[in-house]
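Open the model in your viewer and keep the sequence panel beside it. The stops below say what to select and what is found there.

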Amino acid sequence: MANEITATCLCGEAHLKCGRPLGTGSYCHCMDCRKSTGGAFSVAIPFEADSFRVLSGRIGSFTKTSTGGNELTRNFCLGCGAPLFGTSKMYPNAVYVKAGVIDDQTFIQPTHESWCQSKVKWSVIEPELASYPKGKT
């Protein structure tokens with residue numbers, strides 16, 4: 001694992017210093033996570049809130065009470081719209097950084113899935129599915 005974990009958005013405007021991870025992450029299949037990512041699930045890595053910093057970028061936020069009753073604030077880059085991180089009043093000592101924006105992907109190994117009752121059937125990637133090293137041409 002890198003000494004300093006950083007994250008950047010799609011356009012490169014937002015730079016985050018993540019600090020120390022509190023875990024290796026998890027998959028969440030709840031409808032809120034699906035809608036906030038535009039995908040079948042979300043993967044987020046928890047970091048210590050005290051060491052997390054936004055170094056640059058224009059960050060927007062959206063706060064909503066989840067199905068489970070937890071108020072979540074989701075933060076995103078105002079330049080490109082990339083989801084960046086989330087916070088929760090239920091877990092004030094953690095910041096959940098979206099796995100896809102973390103620059104060093106080597107330590108990310110989600111340990112579990114949550115809200116599997118909301119999991120979409122097509123989220124399983126079949127090993128027989130055609131795959132390409134780059135885009136299909």
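Predicted model: local features only at pLDDT ≥ 70, side-chain atom pairs only at ≥ 80, totals over all residues.

Residues are numbered from 1 along each chain as its sequence is written, and side-chain values use heavy atoms, with hydrogens and water left out.

**Cysteines**

How many disulfides does the structure hold? There are 0, a disulfide being a pair of cysteine sulfur atoms within 2.5 Å. The nearest cysteine sulfur to that of C30 belongs to C28, 3.6 Å away, and C30 is in no disulfide.

C80 is partly exposed, at 29% relative accessibility.

**Strand β3**

Select residues 26–28, which form strand β3; strands (E, at least two residues) are DSSP runs, numbered from the N terminus. Leaving out residues up to four places away in sequence, S26 touches S42, V43, A44, P110 and H112, where contact means heavy atoms within 4.5 Å.

**The open sheet**

Now select β1, β2 and β5. These 3 strands form an open sheet in the order β1-β2-β5, with antiparallel pairing; two strands pair if DSSP finds at least two bridges between them. β1 (6–8) and β5 (53–56) are the edge strands, each pairing on one side only. Between β1 and β2 (residues 15–17) there are 3 bridges. To see one of the pairings, select A7, whose bridge partner in β2 is L16.

**The nonpolar core**

Last, select F47, L84, V97 and I102. Of the 21 residues in the largest nonpolar core, these touch the most other members. Such a core is a set of buried Ala, Val, Leu, Ile, Met, Phe, Trp, Tyr and Cys residues joined through side-chain atoms within 4.5 Å. Strands β4 (42–48), β8 (83–88) and β9 (94–98) each supply at least two of its residues, and β4 gives the largest share, 3 residues.

Centre on L84 to finish. Beyond its neighbours within four places in sequence, L84 has contacts that include C9, A14, L16, I59, F76, C77, V97 and V101.

Technical notes: Buried < 20%, exposed > 50% of the residue type's maximum accessible area, 1.4 Å probe, protein only. Helix = DSSP H or I, 4+ residues; strand = E, 2+ residues; numbered from the N terminus.
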